[in-house]
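Notebook open, model loaded. I want to go from the overall dimensions down to single residues and jot down what I find.

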Amino acid sequence: MHWHMFLTRGNKGRWKRRVENAVLILHGTGGSGRSLLNEHFAGVLYGKGQLLDTNKYFVILPDGIGHGKSSKPSDGLHARFPQYTYADMVAAQHELLLQGLQVDHLRLVLGTSMGCMHTFMWGETFPDFMDALLPLACLPVQIAGRNRLWRNLVIQAIRQDPEWMQGEYKTEPLGALRTAAGLLLIAGSAPIQMQLTLPTRDAADRFLDEYMQRQLADLDANDFLYQVGASRDYDPSPGLEKIKAPLTQVNSADDFINPPELGIAEREIKRVKNGRFVLLPASDQTHGHGTHTWAAVWQQHLAQLLDASKKGPAN
């Protein structure tokens, strides 16, 4: 799929090209662009006639710094790798678009979890760059309370494990990774889904054993330490009024990381000029924090956002 361009008159009356059909999709902590190429996300959004049909849209799925095939500690620098933050990740995404892909405008920025937080930052930092924003499963405030605590527990488990060896381990510090993987499991859990799929003690025990085997095979302690630590200074709340593009924020009521009883999303969305907040009720269709990847549950709100936001010839 190629991007489409049209001409606009810029400063001094000169004509310039602008991309009209590019969509930026941003993954969550520990994920990658490829992690969103699954049947319940890509399979619902990217096919013929679907909302982000790749015959119509130029879909961009970057790997954030420290993730996937982007530069990360496990490439060789270990704990000497630069201590990147979300601001660095968003700046790199922007450079990728402008310099690497020569994409100067986005029809949509859509982000899941960490990518949700990046989506708010995109809207503030580059307010004229996109037509619409869909942040999924986050809050537009600094990470505090229980959300901060579980992240710190992960960081401390790794740093205080003697087998971590200040990042110079030869084999993974499995004790730390078990703790990290366990916290990640609880943070992403969905009570209704887990009760339905793990209705007995034996089923729950088998699931945990299989889950740990998968996680310990894939996790790298330094990479995960950096990925979780990158959120340390995230706080878009002072600049929410800078966001210009229509924005629809979607959270689910069974999200452990962003619990609805805090009331933060409802309060902060009032400061976004063209903002709307949707809280999906917990059900057997939601998946806790991971609801962000089950597009069938929230795609109607994406459809409404695309209809309500600025339309170009691609639409």
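Predicted model: local features only at pLDDT ≥ 70, side-chain atom pairs only at ≥ 80, totals over all residues.

**Overall size.** I started with the radius of gyration: for 315 residues a compact globule would come out near 20 Å, and the protein has 20 Å, so the two agree. Next I took the box along the principal axes, and the C-alpha atoms fill roughly 65 × 45 × 40 Å. I noted ten helices and eight strands.

How much of the protein is buried? I got 51% of the 315 residues. The accessible surface comes to about 15100 Å², and carbon and sulfur atoms own 53% of that. Then I checked contacts with a separation of 6 or more, and 77% of them are between residues 24 or more positions apart.

**Helix 5.** Which of its residues are buried? My list reads Ala176, Leu177, Ala180, Ala181, Leu185 and Ala187. A reminder to myself: an α-helix has 3.6 residues a turn, so residues three or four places apart point the same way. I then looked up what the buried residues of helix 5 pack against, and found helix 4 (145–159), helix 6 (191–197), helix 7 (201–218) and helix 8.

**Aromatics.** Ring pairs next. I count ten aromatic pairs. The one I opened up was Tyr86 with Tyr234: the ring centres are 5.9 Å apart and the planes sit at 65°, which is over the 60 degree cut-off, so I call the pair edge-to-face. This pair links distant parts of the chain, 148 residues apart. Tyr86 is in helix 2 (residues 86–101), while Tyr234 is in the loop between helix 8 (221–229) and strand 7 (247–252). Both Tyr86 and Tyr234 are buried.

Trp122 and Phe126 make another aromatic pair, this one tilted, with 5.0 Å centre to centre and 50° between the planes. Buried or exposed, these two? Trp122 has 0% relative accessibility and counts as buried. Phe126 has a relative accessible area of 18%, and buried means under 20%, so Phe126 is buried as well.

I also wrote down one aromatic cluster, made up of Phe41, Tyr46 and Trp298. And a charge over a ring: Arg146 lies over the face of Phe256, 3.8 Å from the ring centre.

**Positive phi.** Most residues other than glycine have a negative phi, and I went looking for exceptions. Ser113 is one of them, a residue other than glycine with a positive phi near 60°. Ser113 sits in the loop between strand 5 (108–112) and helix 3 (114–125). With a relative accessible area of 10%, Ser113 is buried. Gln166 also has a positive phi, near 55°. Where is Gln166? I found it in the loop between helix 4 and helix 5. Gln166 counts as exposed, at 59% relative accessibility.

- Asp209 is in helix 7, and at 49% relative accessible area I log it as partly exposed. Exposed means over 50%, so Asp209 does not count as exposed.
- Asn55 is in the loop between helix 1 (42–45) and strand 4 (58–60). It is exposed, at 60% relative accessibility. The C-alpha atoms of Asn55 and Gly288 are separated by 31 Å, and the two are 233 residues apart along the chain.
- Arg34 lies in the loop between strand 3 (22–26) and helix 1. Arg34 is exposed too, at 65% relative accessibility. Its C-alpha atom is separated by 25 Å from that of Ile155, 121 residues apart along the chain.

Note on methods
Residues numbered from 1 in each chain as written. Heavy atoms only, no water. Phe/Tyr/Trp six-rings, centres within 6.5 Å; stacked < 30°, edge-to-face > 60°. Helix = DSSP H or I, 4+ residues; strand = E, 2+ residues; numbered from the N terminus. Buried < 20%, exposed > 50% of the residue type's maximum accessible area, 1.4 Å probe, protein only. Lys NZ or Arg CZ within 6 Å of the ring centre and 35° of its normal. Rg over C-alpha atoms; globule rule 2.2 N^0.38 Å. Contact = heavy atoms within 4.5 Å. Areas by Shrake-Rupley, 256 points an atom, 1.4 Å probe, with all protein chains shown as cover.
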